[in-house]
Amino acid sequence: MELLIPTFPNTWSLPSLSINKVLLFLFTAYLFTKVLFSKSAKGPLPPGPRGLPILGNIFQIPRLQWLKYTEWQKEFGPIFSLNFAGKPVVVLNNHEVAGELLDRRSNIYSSRPRFVMAGEILAGGLSIGFTEYGELWKKFRRAGHDGLNIRTSENYQAGQEIEAAMLVVALVTDPDHWDDHLKRTAASAVLAAVYGWAPVQSKDDPIVTRINEIMERLMLAALPGAYMVDIFPIMKRLPTWIAPWKKWGLEWQKKDTDMFQGFYDGVAKTLDEGDAKPSFSSSLIERKEKHGLSNVEAAWLAGNMFGAGAETSAGTLAVFLLAMTLYPDVMRKAQREIDAAVGRGRLPTFADSPNLPYVWAIVREVLRWRPVGPLGLPRCTTEDDWYKGYFIPKGTVIIANMWAMNRDPTVYPDYEEFRPERFLDGEGNSVLPQNTHGQGHVSYGFGRRICLGMHVANNALFIDIASVLWAVNIEPELGPDGKPALPSRTDCIDEGLVVRPVPFKCRISPRSTDTANVLQIAKEKLS
Ligand code: HEM
């Protein structure tokens with residue numbers, strides 16, 4: 001079984017065998033000290049699986065952790081605890097407990113665990129997703145909300161319509177590389193929203209590649225066990241000449257800061273010249289005084305939006321294609337709705353949104369059925385707490401098992417099926433389960449740290465899905481026997497930042513005879 005936790009894989013962190021032995025000794029000594037001198041608990045933690053002495057459950061955690069947690073939930077209930085080598089971890093598995101702790105008690109459940117290498121060294125403490133609950137995070141959050149709330153996210157809709165038209169052209173002219181097109185469009189749409197840039201032409205655009213590398217570096221560095229400094233934070237004080245990993249991290253911090261600063265300054269320049277398109281960065285610059293962020297803080301906030309938004313959106317669009325390949329009746333029903341509301345003479349726009357409730361239900365169901373972040377981002381408690389007789393000490397890592405919540409049979413009977421109808425009543429009005437923040441699912445997280453980009457993401461998904469279904473059919477490939485070869489419903493890849501379906505083949509072809517015009521109509525939108 002592949003293990004996520006105690007692998008210590010990085011050569012920067014283990015430069016030689018002798019250091020290796022010293023560190024192993026220190027590590028063991030640390031664990032013993034922790035166990036011997038740990039403060040006596042004030043009450044019982046929630047129940048959980050029995051683990052090894054000292055090391056606890058760390059060897060029981062497989063790579064697709066959420067599946068194991070969902071199994072354990074059946075045995076231990078909606079809230080259970082684990083021991084990661086002395087660190088208490090509490091896993092929340094249903095809407096009721098997550099709603100109570102993460103939403104209603106969010107004053108003590110809104111911090112993140114400390115990520116020394118990723119958050120502090122590589123990102124210089126400036127990555128909003130890793131920032132602990134405190135003044136800087138509150139400033140980031142207010143500024144982020146100003147530029148991405150439900151109202152301001154409408155500013156980016158014109159750019160999202162253009163992106164959707166580009167996606168249609170790409171899928172019609174080069175259907176086999178659909179995954180590349182999804183990645184390009186997601187990256188391009190987020191860059192347009194964040195910096196007001198013109199669409200990028202390829203998923204391999206050097207800037208897209210460079211920002212993706214930053215996110216990959218941060219996510220790999222954040223994996224438990226990747227760097228010793230996360231186990232012994234005191235190592236952060238080592239001088240760089242004996243800590244090459246620190247030198248490397250600081251060098252990247254400088255390069256990444258220079259790049260984000262350059263992008264941000266570029267927007268400031270176009271604003272000065274009166275030439276800027278509405279964007280998240282332009283809103284940051286215009287409300288600089290109000291937000292109280294320094295230039296470098298604002299530049300990192302903007303840069304991080306790309307990392308948080310591009311791969312998550314691309315992965316979700318891949319789930320959409322998988323669902324359409326497996327559920328042709330859903331696709332046809334949506335196409336009937338789109339044809340009735342939009343006709344065949346133009347692409348859908350945001351003005352059609354009120355007339356496309358089934359398309360909106362597909363957006364919700366895609367996010368519920370296969371969330372690209374099944375465990376979201378971990379939280380950390382900032383005070384001791386009690387829940388139903390269980391004690392949750394300050395500093396506990398909290399994991400929200402969104403996978404299990406989105407598949408709770410009491411909320412979603414037939415949860416394994418892709419069935420957008422579950423979100424609609426007979427009149428086409430939305431039906432949304434409780435404790436789902438008006439979304440129908442919990443894939444955007446909870447409480448004060450709920451995804452900042454959820455309105456931008458929902459809008460992009462809506463217009464992409466409506467436009468693609470207006471333009472093309474998505475069907476399974478035919479196998480050698482001439483019968484449809486269905487892709488796997490369940491196989492997935494955990495890429496660190498997102499979990500997406502394993503690569504699969506499908507046939508994408510223009511719809512019916514009048515769609516000879518599809519390309520022309522989409523291209524007209526782009527001219
Ligand atoms: C389908 C696409 C997306 C999904 C599924 C998604 C999901 C999530 C989740 C689960 C979290 C953690 C929430 C928590 O701790 O409770 C998160 C955080 C975040 N997301 Fe998204 N996201 C998406 C798109 C976006 C976009 C497009 C942006 C920006 C334009 C964005 C910006 C952020 C930021 C900045 C955070 C960190 C918030 C904080 O720590 O305070 N996301 N997202």
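Which side chain meets Glu96 in a salt bridge? Keep that one in mind while I get set up. One thing before we start: this is a predicted model.

Okay, back to Glu96. The partner is Lys388, and the N to O distance is 3.1 Å. Now look at where the two ends sit. Glu96 is in helix 3, residues 95-104, while Lys388 is in the loop between strand 4 (385-387) and strand 5 (390-392), so this pair ties together parts that are 292 residues apart in sequence. Lys388 comes out at 60%, which counts as exposed.

There's another pair that reaches across the sequence. Asp339 and Arg511 bring their side chains together in a salt bridge, at 2.6 Å from N to O. Asp339 belongs to helix 13, residues 328-342, and Arg511 to the loop between strand 11 (506-510) and helix 17 (518-526), so here the parts being tied together are 172 residues apart in sequence. Buried or exposed, what is Arg511? Its relative accessibility is 9%, so Arg511 counts as buried; the cut-off for that is under 20%. Asp339, at 24%, is partly exposed.

Salt bridges can also share partners here. Glu365, Arg368, Asp414, Arg419 and Arg422 are joined that way into one network.

For a local example, go to helix 2, residues 65-76. Lys68 and Glu71 are both in that helix, three residues apart, or about one turn. They form a salt bridge, and their closest N and O atoms are 3.5 Å apart. Lys68 has a relative accessible area of 23%, making it partly exposed. Glu71 is partly exposed as well, at 47%. And how many salt bridges does the structure hold? The count is 30.

Let's move on to helix packing. Helix 7 (residues 178-195) packs with helix 12 (residues 295-326) at an angle of about 145°, and the axes are 8 Å apart. That crossing is right-handed. If you want to find the contact on screen, the helix 7 side includes Trp178, Leu182, Val190 and Tyr195. Over on helix 12, the residues they meet include Met305, Phe306, Leu317 and Leu321.

Next, the ligand with the iron atom. Which protein residue gives the iron a donor? That's Cys451, through its SG atom, 2.3 Å away, and it is the single donor from the protein. You'll find Cys451 in the loop between helix 15 (402-405) and helix 16 (454-471).

Helix 16 brings me to the last stop. Helix 14, residues 357-369, packs with helix 16 at about 115°, with the axes 9 Å apart. Again we have a right-handed crossing, this time of helix 14 past helix 16. Helix 14 puts in Val359, Trp360, Ile362, Val363 and Leu367. From helix 16, the contact residues include Leu461, Phe462, Ile465 and Leu469, along with Asn458 and Asn459. What classes of residue make up this contact? Ten are nonpolar, two are polar, and none are charged.

Definitions and conventions
Residues numbered from 1 in each chain as written. Predicted model: local features only at pLDDT ≥ 70, side-chain atom pairs only at ≥ 80, totals over all residues. Heavy atoms only, no water. Salt bridge = Lys/Arg side-chain N within 4 Å of Asp/Glu carboxyl O. Helix = DSSP H or I, 4+ residues; strand = E, 2+ residues; numbered from the N terminus. Buried < 20%, exposed > 50% of the residue type's maximum accessible area, 1.4 Å probe, protein only. Axes fitted to C-alpha atoms, helices over the stretch in contact; angles between N-to-C directions. Left-handed = near helix turned anticlockwise from the far one by under 90°. Contact = heavy atoms within 4.5 Å. Donors = N, O, S within 2.8 Å, 3.2 Å for Na, K, Ca; no water. Nonpolar A, V, L, I, M, F, W, Y, C, P; charged D, E, K, R; others polar.
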